[in-house]
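Dear colleague,

I am handing over the structure we spoke about, and my notes on it follow below. Please read them with the coordinates open beside you.

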Amino acid sequence: MKMSGRMTRFLTVLLVAAMTLPVTAQWLNHPTPGIPRTPDGKPNLGAQPPRSADGKPDLSGVWNGSPLVLKPPEGSVQPWAQALMKQREENFFKERPSYRCLPSGPEQTFGWKRIVQTPTLITILNDDLTYRLIFMDGRRLEAAPNPSWMGYSVGRWEGNLLVVDSFGFNDRTWLSGRGLPHTEALRITERYQRRDVGHLRIDVTIADTGTFSKPWSFPVDLLLRPDTEMLEAVCESRQDHWVGTVSDARRSEVAVPADVLAAYVGVYSGVWATRPRTVRISVKNGGLVATIVTDNVLTREDEPLVAQSPTTFLGAGGLGYEFMRQGSGVATHVIERHVSGAYTFARQP
């Protein structure tokens, strides 16, 4: 079954932002020197982490992580921030800094990055050509640094744990791709632990008295990507020409019988680009919602889907869904539509 003209128009207009995002790709056949290897020549990612000349864990390397669903404590987000998130969702998140060819700031906790470590300075290079400097020369965190896109960071070693304090962010960036805002009072503490060659754990604590009633924390897990190199992912087109809102989609929403919605409920799995992906469809408040897990990481949760036909739906994040059924039975597949392509996920038993 083909998508309706209405669904096609929505996806054409609203998903163009994804064209600014990097495709999962790397240079190939470029062995990383100094990596422990198994007898068959493959990187031994479970080996003991390397050490720098001063005996500290060496965090250097090319790393990658998946976006997370960030959940501040219930009731901790101030009303103005909740309203702004709703507004950003209404506009399909088109004001997201990366969609406007601007630095992502704190949101750069995720994605591709290269860490270069020296005794006095750690540099984190991001695939969008932004960078962070973490000063390790004993200086204190500035009390009133000039607000900047990437902030001002100082670090220190506590045993094998790297602790980084950051301050001085401007308020033009987001904390997540789902529109979570912050003020210039934002302070971030990160605790880096390289458990072995292949795994880097970062425990992040967010404190912003202008946005949240109390500090809150979440973990980030990065994976080493040996024997390859990250490609640059540069935004080349601002998205000021976008039109359309979630309200527009709601106005064209069609009523779908409850028994038809029930036929779509289930768990669907497949591959999105090169990554394993699971889409869980359920019914909430009389409509469908989607929860997405990519690379075993929760990336979207309970995103409402707006029916544009009895079989096609549009999510607030811009992804389209088309359900495939055999006769009147339950759906056998769901097609997730994105500007980069259409991805088919099979229903799981």
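Which residues form a nonpolar patch on the surface? This is a predicted model, and in it the patch is made up of V116, L125, Y131 and L133, which together have about 320 Å² of accessible area. One of these residues, V116, sits in strand β3, which covers residues 113-117. V116 has a relative accessible area of 37% and is therefore classed as partly exposed, since that class lies between the 20% and 50% limits.

As for the chain as a whole, its secondary structure comes to 4 helices and 19 strands, and 46% of its 349 residues count as buried. Among the contacts between residues at least 6 apart in sequence, 58% join residues that are at least 24 apart. The chain exposes about 17,000 Å², of which carbon and sulfur atoms supply 54%.

With a relative accessible area of 3%, Y192 falls under the 20% limit and so counts as buried. Leaving aside residues up to four places away in sequence, Y192 touches L59, I124, R132, N160, L161, L162, V164, L200, R201 and I202. V163 is 29 residues from Y192 in sequence, while the C-alpha atoms of the two are 6.4 Å apart in space. The side chain of Y192 is also joined to the side chain of E190 by a polar contact of 3.1 Å.

The next entry is R300, found in strand β15, which runs over residues 297-307. What is the relative accessibility of R300, and does that make it buried or exposed? The value is 18%, and R300 counts as buried because the limit for that class is 20%. Its side chain makes a polar contact of 3.2 Å with the side chain of E303. Again not counting residues up to four places away in sequence, R300 touches V69, R178, A290, T291, I292, G317 and L319.

The last entry is S252, which is placed in the loop between α3 (246-251) and α4 (258-264). Although S252 belongs to a loop, this residue is buried, with a relative accessible area of 17%. The side chains of S252 and Q308 make a polar contact of 3.0 Å.

Terms used:
Residues numbered from 1 in each chain as written. Predicted model: local features only at pLDDT ≥ 70, side-chain atom pairs only at ≥ 80, totals over all residues. Heavy atoms only, no water. Buried < 20%, exposed > 50% of the residue type's maximum accessible area, 1.4 Å probe, protein only. Contact = heavy atoms within 4.5 Å. Polar contact = N/O pair within 3.5 Å; in protein donor to acceptor, adjacent residues only side chain to side chain. Helix = DSSP H or I, 4+ residues; strand = E, 2+ residues; numbered from the N terminus. Patch = residues over 30% accessible without salt bridge, like charges linked within 9 Å, V, L, I, M, F, W, Y side chains within 5 Å. Areas by Shrake-Rupley, 256 points an atom, 1.4 Å probe, with all protein chains shown as cover. Salt bridge = Lys/Arg side-chain N within 4 Å of Asp/Glu carboxyl O.
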